[in-house]
Amino acid sequence: MSRTDPQHGPAAADAGSGPPPAATPGRSRWVSLLRTRELSTLFILVAEIAFFAWYLWPDGGGRHPFVNAENGLLILKYSAIYGIAAIGASMVIISGGVDLAPGAVIALTTVVLGHQYLESQWSLLASILAGLGVGVLAGGLSAALVVLVRLPPFIATLGVMGITRGLAYIVTEGRFFDVSARIPPSWAPLGVPLDLIAPIVMVVLTVVFHLFMRHVQAGRAVFAVGGNETAARYTGIQVGRIKTMVYVASGVLAALSGVILVLGQGQGKADLANGYELDIIASAVIGGASLSGGRGSVVGAVLGTLIFGVLRNALPQIPGATFYDRLIVGLVVVVIVVVDQLLARRQA
Amino acid sequence: MSALAFEDVSKAFGGVKALRGVTLSVAPGDAHALMGENGAGKSTLMKIAAGIYRPDSGQLLRNGEAVDLASPRAALAAGIGLVHQETLLFPNLDVAENIFAGHEVRRGWFVDRRAMHERAASLLAHLRLDVDPSTTVSRLSAAQQQLLQVARALAFKCEVLILDEPTTSLTDTEVDRLFSVLEQLRSRGVTLIYVSHRLPEVFRLCRTVSVLRDGQHVGTWPLEGKSPQDIVRAMVGRDLATGHGHGKVGDTIRLDVRGLTRRPFFTDVHLQVRAGEIVGLFGLIGAGRTEVVETLFGLYRAEAGTVQLDGAPFAPQAPADAIRQGVVLQPEMRQSQGLFFNLPISENLLLAREAASKGWLRQLGRERGECEALLSRWGIKAASIDVPPDSLSGGNQQKVVLAKWLLTAPRILLLDEPTKGVDVGAKHDIHQLVREEAARGMGCLVVSSDLPELLALADRIVVLRQGRVQGELLRGATEEDVMHLATRADEPDAA
């Protein structure tokens, strides 16, 4: 029998006489900082980079194929597409929901931006705003379905994912919008080269949203809603508003990823960013998020996308490893989460 | 020879010693009460007997022979069944499937549903539980679910039946039913171990009582000749003054409820709470008490009637609205409605005030001191304010929820079952805190099904029956007076 026996179930919610509080001695702040999930995720990233640096060390000396400024920038640039969207997706996960739409929102954003810029001859700024509008609408629709219609987030955002991707195909009718024709790769708005914009935006937004989730009341409320929605309502937290906020933020951040993608790669296409949502969710999870809500970190999620970014960059450089990369990515998720749980259990 | 004996049993969780060398024996056929404050180790001891925990040292004897209860299954095989405080059932499965979950009646490889249903039906008849074995469990009442757990233990042919606070969610009639079943079981030779905070129940059902305190066995006595005070003293280790009154009820009416109606729960409810006054709201289950306070807190919209708060109209659209205007509710279920187990105690304390405040930036630095002061002033025993509240005892958890509200400096405090599942000492503390806050001019409206509690705490008791106010009783009323108002339902054309 795989079923749990009611009498044998976990001793959850033992309101009565559980063991008295564990007497944890006042650990120093430094030690507790070291034990945060953000830092252990960073450690995994550093270890991963060190491993590939060693493994791919060029025999005859000369230029290292993995550790060089150009490749580092490449990793950052591609990871940023995931990373920016992961900021929003991790907030949704912390609130106890899940967002399956980011990949499709990224695609529709590239298409709408391309369409408005090339076909409708809008200015670049107006086209970018139209692209971001896609995020507002998609996030708003998810929020409405979750908050007003009370659909489970998985179903609601699965629907929004289909609608968004579908619209992208309808708008393009099999074509793609070649934005690069009008935006040269050398284009540098405000003097910042195009290649640097993505990493800079990612880092700035990560810091901003990290501070938001830590120190702003609405950010803390996201943790409360994800931890215990009923108690949040009884505590006077406006649960509907908080949920709306995280879904709209997730939509807008995904759209921003789309904007950066279309500017950087020069194409607005309906089949871009396919399956990104699952990589993004996996990144949030290896960064410490719990899919049951109430736990997680924006910084952790972004570091998670970097861990995957390094894998995707380095594996193809190992002869014969190309066909293994999905397998390895899957294994990495499982191993990290299992180790995390084992450590948590030992602490308890 | 004893049916079940513990010999020098110790158990620690991390660095905390939950049980320290408990030696205790239960005679066969006895109805044995196990009492103690929260954190005294009752549940730990019972979980050891049920094979959920293993002792660090010491041993268990069953009919005089040492047994090793390595798992709940082993305990059941040894004839020891545990009925949990919260019903641990599969709400999506039917009654028979629940009774036989994990040891289905089989014919070859297949589950023999017919045989299972027949055996379930005879067990249910035994317990005088009038439900069809194919009913889905989620459709049963709390009492029926509790009895279903007993049925489950009996299906395993348990000779020792442990009941951990089985009556917390039952009405008086349902308690009567459960007790008559338990009496019957005992007369058939089943040994009962009854864990409860409720002294009247213990005196009614049990013959022997054992008291635990701080993980140690204080003593075992026959209940005959013992008074409730004796037991409380053994549990707490000190005498508790039964406080009465707190004086000074102001004249100003803080909360004035007129004709409040939300069908089908309550109709035309009138009541007033003055500054410094503690008003009790009593009624049987289903009388609409919880619904009244939840509506006042803005969780639901009233369909008719007006509420005035300090003379101004008060019609909250949501709890956030009520809190901002100074009306707060301590909800009935502290775990599901009051606490965040993913957040540290400090945030549990501060979230409500933050949500109600206009500012949006948090100043946790300054607030840490405030939280620490609260914990020590209220005697909340916690390792630190940075740990989640799941390590706290029930009474301390309840204090955290109450403290959260008092930090918002409310004008009206609504309390729904403020001491449910809380031990005697914490109950006393909570009453004291409510009295102190009331003395500062706050108005309190207390819902409780614990009538002695209301009689001791409230200046005035408003009695509801079937959603209508039946009358008000002043301090000095007796339980009979209150119950008379609360149960007039059965008389034809009452009110």
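**A look inside**

Tutor: Skipping neighbours within four places in sequence, A:Ile84 is in contact with A:Val201, A:Met202, A:Leu205, A:Leu253, A:Leu256, A:Ser257 and A:Ile260 (contact: C-beta atoms, placed from the backbone, within 7 Å). Bear in mind that this is a predicted model, where local features need pLDDT of at least 70, side-chain atom pairs count only at pLDDT 80 or more, and totals for chains, interfaces and linings use all residues. Residues are numbered from 1 along each chain as its sequence is written, while chains are lettered from A and ligands numbered from 1 in the order written.

Zooming out, A:Ile84 is among the residues with the most contacts inside the largest nonpolar core, which has 173 residues; A:Ala85, A:Ile87, A:Ile260, B:Leu414, B:Cys444 and B:Val446 are the others listed. A core here is a set of buried Ala, Val, Leu, Ile, Met, Phe, Trp, Tyr and Cys residues joined through C-beta atoms within 7 Å, buried meaning 20 or more other C-beta atoms within 10 Å of a residue's own. Helix α10 of chain A (residues 239-265) gives the most to this core, 16 residues (helix: a DSSP run of H or I, at least four residues; strand: E, at least two). A separate second core of 73 residues includes B:Leu45 and B:Ala151.

Now for a strand in chain B: β19 (residues 412-416) runs parallel to β18, joined by four bridges (pairing takes at least two DSSP bridges), and B:Gln330 stands opposite B:Leu415. Both strands belong to an open, mixed sheet of six, ordered β18-β19-β20-β15-β21-β22. β18 (327-330) and β22 (468-474) of chain B each have a single partner strand, so one side of each lacks a neighbour in the sheet.

Definitions and conventions:
A residue is buried if 20 or more other C-beta atoms lie within 10 Å of its own, exposed if 12 or fewer, and partly exposed in between; C-beta atoms are placed from the backbone. Two residues are in contact if their C-beta atoms, placed from the backbone, lie within 7 Å.
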